[in-house]
Each structure stands twice: as structure tokens, then as C-alpha cells.
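Please look over the sequence and the model, and then follow the headings below.

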Amino acid sequence: SSGINAEWPLRPGVDDYVAGCLLPPHLSPFVNTEGYLPPEQVELLDRNKIGEDGEEESPREELSAEDKKLAVMAMPKKRKALYNKMIHSNKKKASVVNKLKRKREELDEVREKKKAATDS
């Protein structure tokens with residue numbers, strides 16, 4: 001079928017919207033792909049990547065802790081302040097991602113318990 005929505009890559013299946021079923025979460029096509037992604041979003045992205053050809057980035061060489069420390073010590077004051085802000089924001093993002101993952105695990109556990117209680 002042709003149309004505007006035919007090109008939208010994150011179109012969910014019709015089975016997710018059967019009457020009486022628990023509706024899936026809203027998945028925005030405008031998400032930032034770094035950080036936390038709900039499992040449903042990952043599944044849709046994986047499903048849509050099957051037909052695409054993508055090249056992987058070459059892995060970067062990691063510096064040892066001592067080399068990093070020396071590099072930071074050699075930085076000018078302004079760059080060191082910027083570097084520290086970047087490190088702080090990365091830690092903050094990681095804590096938000098971990099919090100969202102933990103909340104999702106708790107939600108999944110509650111749903112499993114409810115499902116087990118209704119099945120019994």
C-alpha cells in the first residue's frame with residue numbers, strides 16, 4: 001500500500017491492538033537512540049533493520065587509566081572544565097538509563113504476577 005504511513009518504519013502490528021488486550025506503550029519515531037530504549041522499541045528497530053545494509057564502526061583503542069589521567073592533567077584549564085562537565089553529564093545520563101531499566105524490570109515483574117494470578 002502506498003501512502004504517507006507506508007514509509008513509517010516503526011509501524012506496529014495489528015495484533016497489538018485487538019479488543020481487550022493491553023495496549024503497547026507509545027513508541028515515538030522521534031526518539032534519541034542513545035541511552036534507554038524500551039524492549040518494544042528495540043524489537044521494532046531490529047525488525048526494520050533486517051533489510052538494511054549497515055557498516056559497523058571500527059572499535060577505538062582504549063587508553064589505560066594512567067594514560068587518561070596524564071591526558072587530563074596535560075589539558076588546559078578550559079578544556080579540563082569542559083571534559084569534567086562531559087563526564088558529569090555522561091554519568092547523569094547513565095543513572096537515568098539505569099533508573100528507567102530498573103523501573104521497567106519492576107513493571108514486568110508486577111505484570112507477570114498479575115498474569116500468574118489471573119491464570120490460576
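## A charged patch on the surface

Which residues gather in a patch of negative charge on the surface? In this predicted model, the patch is formed by Asp-15, Asp-16, Glu-43 and Asp-46. One of these residues, Asp-16, is found in the segment that precedes helix α1, and that helix covers residues 39-49. Asp-16 is classed as partly exposed, because its relative accessibility is 34%, a value that falls between the 20% below which a residue is called buried and the 50% above which a residue is called exposed.

## The chain as a whole

The secondary structure of the protein chain consists of three helices and zero strands, and reading along the sequence gives the pattern α-α-α.

When contacts between residues at least 6 apart in sequence are considered, 43% of them join residues that are at least 24 apart.

Arg-104 belongs to helix α3, which spans residues 77-119, and Arg-104 counts as buried because its relative accessibility is 15%, under the cut-off of 20%. Leaving aside residues up to four places away in sequence, Arg-104 touches Tyr-36, Pro-38, Pro-39, Glu-40 and Arg-111.

Side chains of opposite charge can pair when their charged atoms come close. The structure holds one salt bridge, and in a salt bridge the side chain of Arg-104 meets that of Asp-108, with a distance of 3.2 Å from N to O. Because Arg-104 and Asp-108 are four residues apart in helix α3, about one helical turn separates them. The two partners fall into separate classes of accessibility, since Arg-104 is buried at 15%, whereas Asp-108, with a relative accessible area of 27%, is partly exposed.

## Leu-22, before the helices

Like Asp-16, which lies in the segment before α1, Leu-22 is placed in the segment before α1. Is Leu-22 buried or exposed? Leu-22 counts as exposed, because its relative accessibility is 64%, which is over the cut-off of 50%.

Not counting residues up to four places away in sequence, Leu-22 touches Asp-16 and Arg-111.

Conventions
Residues numbered from 1 in each chain as written. Predicted model: local features only at pLDDT ≥ 70, side-chain atom pairs only at ≥ 80, totals over all residues. Heavy atoms only, no water. Patch = residues over 30% accessible without salt bridge, like charges linked within 9 Å, V, L, I, M, F, W, Y side chains within 5 Å. Areas by Shrake-Rupley, 256 points an atom, 1.4 Å probe, with all protein chains shown as cover. Salt bridge = Lys/Arg side-chain N within 4 Å of Asp/Glu carboxyl O. Lys, Arg positive; Asp, Glu negative; His and termini not counted. Charge placed at Lys NZ, Arg CZ, Asp CG, Glu CD. Helix = DSSP H or I, 4+ residues; strand = E, 2+ residues; numbered from the N terminus. Buried < 20%, exposed > 50% of the residue type's maximum accessible area, 1.4 Å probe, protein only. Contact = heavy atoms within 4.5 Å.
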